[in-house]
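The tour below goes from one selection to the next and says what is found at each stop.

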Amino acid sequence: LFGFISLNFFRCLTMEWWHVPAKGRALPKVAGAVDLTVRAEASEGPIPRVTATARSEDLAVTLEGLRPIAAPFGLSVEAEGDAGGYVLRAFALETAYASVTARGRFETAGGRVTLEGMLEPDFARLWGLPFLDAYRELGIAVEGKHARPFRFNAPVLNGLPGILNEGSAEAALAFDRVTLPGFDIPGGGATLTLTNAVAALDAEMAVNGGALRLCPRVAVAAPPYVLTIPDGTKLLDGVGLTQAMLDEGFGAVHPLLAGSATPSGTVDVVCDSLRLELGGNPLEALEAECSLLTHGVSVQPNGTLGTLLSLVRLRDKAAILPDQDFTVRVRKGVLTCDPIRARIAAVKLDCQGSTNLLTREIDYTISLPLTEQLLGNRLAKRLKVGDTIRLPIHGTLDRPIVETRPLLDALADSAVGRATERATDKLTEKLGDALRRFMYGRYGADSLNKWLLIFAV
């Protein structure tokens, strides 16, 4: 019995038990000292009562390419044998990242373990593990430390692959805070399950008068492990638009709105498809397509949009996004977006393009139709109503730059005409048509217009 427990325990420490590495990847390395004690006592039946404890203060695990992970732990098991195996009277595991207390059974035939008890993960510590660095850099964080019920049933003698492929588990989870780009959620709960070699998390949290749903699935039969979300999942349902959502979420989808203020209205997000291979840069590996629906959304233009609208004297007007459904796609680190329509007073515009999520560079175009309402009666005579001016937006998400030259050129060309008209009116009043005809005949139309412009200024 001692040999059986020792052999499997040290297989676990050498990582032989944990997993078969993906092709080209090294097994994790384990270093440190472990104290293991096993005591067997006679019992009424043919199988003795067993107490086992294991403890380490300096155990460390090193994953390929990452810094070592401190993994001190304490484990204690009290079991009483019967004809088919052992009844686990007490099972307790204490680590820096989670603690487990349970009762259950170990079946000698097949090496199957059944446990029911309480699981208390420390999400702040778990989220600090080095293989989650890339997700923390995206502004994702989870906090909370609460004991909740769990159950577990799996064969353990074939190591982690056997557990993942043949086992089942279910655990309730509780969070104190969940942080996502654009969201700071003060708490919530979730259910974590393992069945048919698929790990699934299901959570629904109240956010800004609506609901946020998280339902990732990971196929764990063999590496590489891929995270998916069921097609058609409504991730956001009637969620009120906030300043944080506008700055951190909408800013990447629609940089024209970045920096705007006083948002109102609600948004829905439906996940049409999502696939993320775990283990690398999530922005490079993510493949997703989502539909974003807006309902009564408006903002006060500031930033890039405010600068643009000041050129046409509409800075103080609210920008309204008519109710619409547009698609956002992410492939190989690049986000592309269908045209998004907006209206400011009588001015309509749309914006479409792409964002490089890796470099944060943006490449968008604003299409601004020239209308009489935008230009005014006199300017409309100088510019062709119905034409569309296209204004490129480049730079980065942090410093977007709108190329306003096409609009400025159009306004400058019309300004000469407007000034000439005003100057002609003034000169006619003061000097009469006779002098005007004399100057036109003497100096020509071009010279006359220049003098009239100087006179107007």
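**Stop 1**

Begin by selecting lysine 332, which is exposed, with a relative accessible area of 72%. The model on screen is a predicted one. Lysine 332 sits in the loop that runs between strand E24 (324-331) and strand E25 (334-344). Its phi is near 50°, a positive value in a residue that is not glycine. Most residues other than glycine have a negative phi.

Next select arginine 360, in the loop between strand E26 (347-356) and strand E27 (362-369). Here too phi is positive, about 70°, and the residue is not a glycine. Is arginine 360 buried, partly exposed or exposed? Its relative accessibility is 37%, so arginine 360 counts as partly exposed.

**Stop 2: strands around E22**

Now select strand E22 (residues 287-300) together with strand E21 (residues 261-277). The two run antiparallel and are joined by eleven bridges. To find one end of the pairing in the viewer, pick alanine 261, which stands opposite glutamine 300 in E22.

Glutamate 289 stands opposite arginine 329 in E24.

Valine 299 has alanine 319 in E23 as its bridge partner. Strands of a sheet pair through backbone hydrogen bonds, either parallel or antiparallel.

**Stop 3: a three-stranded open sheet**

Clear the selection and show E1, E4 and E5. These three strands form an open sheet in the order E1-E4-E5, with antiparallel pairing. Strand E1 (29-31) and strand E5 (69-70) are the edge strands, each pairing on one side only. Between E1 and strand E4 (residues 60-62) there are three bridges, again in the antiparallel sense. Alanine 31 stands opposite alanine 60 in E4.

**Stop 4: serine 56**

Move to serine 56, in strand E3 (residues 49-56). Serine 56 has a relative accessibility of 3% and therefore counts as buried. Which backbone atoms does its side chain reach? The side chain of serine 56 reaches the backbone nitrogen of aspartate 58 at 3.5 Å and the backbone nitrogen of leucine 59 at 3.1 Å. Leaving aside neighbours within four places in sequence, serine 56 is in contact with Ala33, Val34, Pro72 and Phe73.

**Stop 5: threonine 233**

Select threonine 233, found in strand E20 (residues 233-240). Is threonine 233 buried or exposed? Its relative accessible area is 11%, so threonine 233 is buried. A polar atom of the threonine 233 side chain lies 2.7 Å from the backbone oxygen of proline 230. Not counting residues up to four places away in sequence, threonine 233 touches Cys215, Val269, Val270 and Cys271.

**Stop 6: helix H4**

Finish at helix H4 (residues 159-166), where Gly159, Gly162, Ile163 and Leu164 are buried. What do the buried residues of H4 pack against? Show strand E11 (148-155) and strand E15 (188-195) alongside the helix: the buried residues of H4 pack against both strands.

Terms used: Residues are numbered from 1 along each chain as its sequence is written. This is a predicted model: local features need pLDDT of at least 70, side-chain atom pairs count only at pLDDT 80 or more; totals for chains, interfaces and linings use all residues. Side-chain values use heavy atoms; hydrogens and water are left out. Buried means under 20% relative accessible area, exposed over 50%, partly exposed in between (1.4 Å probe, protein chains only). Helices (H or I, at least four residues) and strands (E, at least two) are DSSP runs, numbered from the N terminus. Contact means heavy atoms within 4.5 Å. A polar contact is a pair of N or O atoms within 3.5 Å; within protein, one must be able to donate a hydrogen and the other to accept it, and residues adjacent in sequence count only if both atoms are side-chain atoms. Two strands pair if DSSP finds at least two bridges between them.
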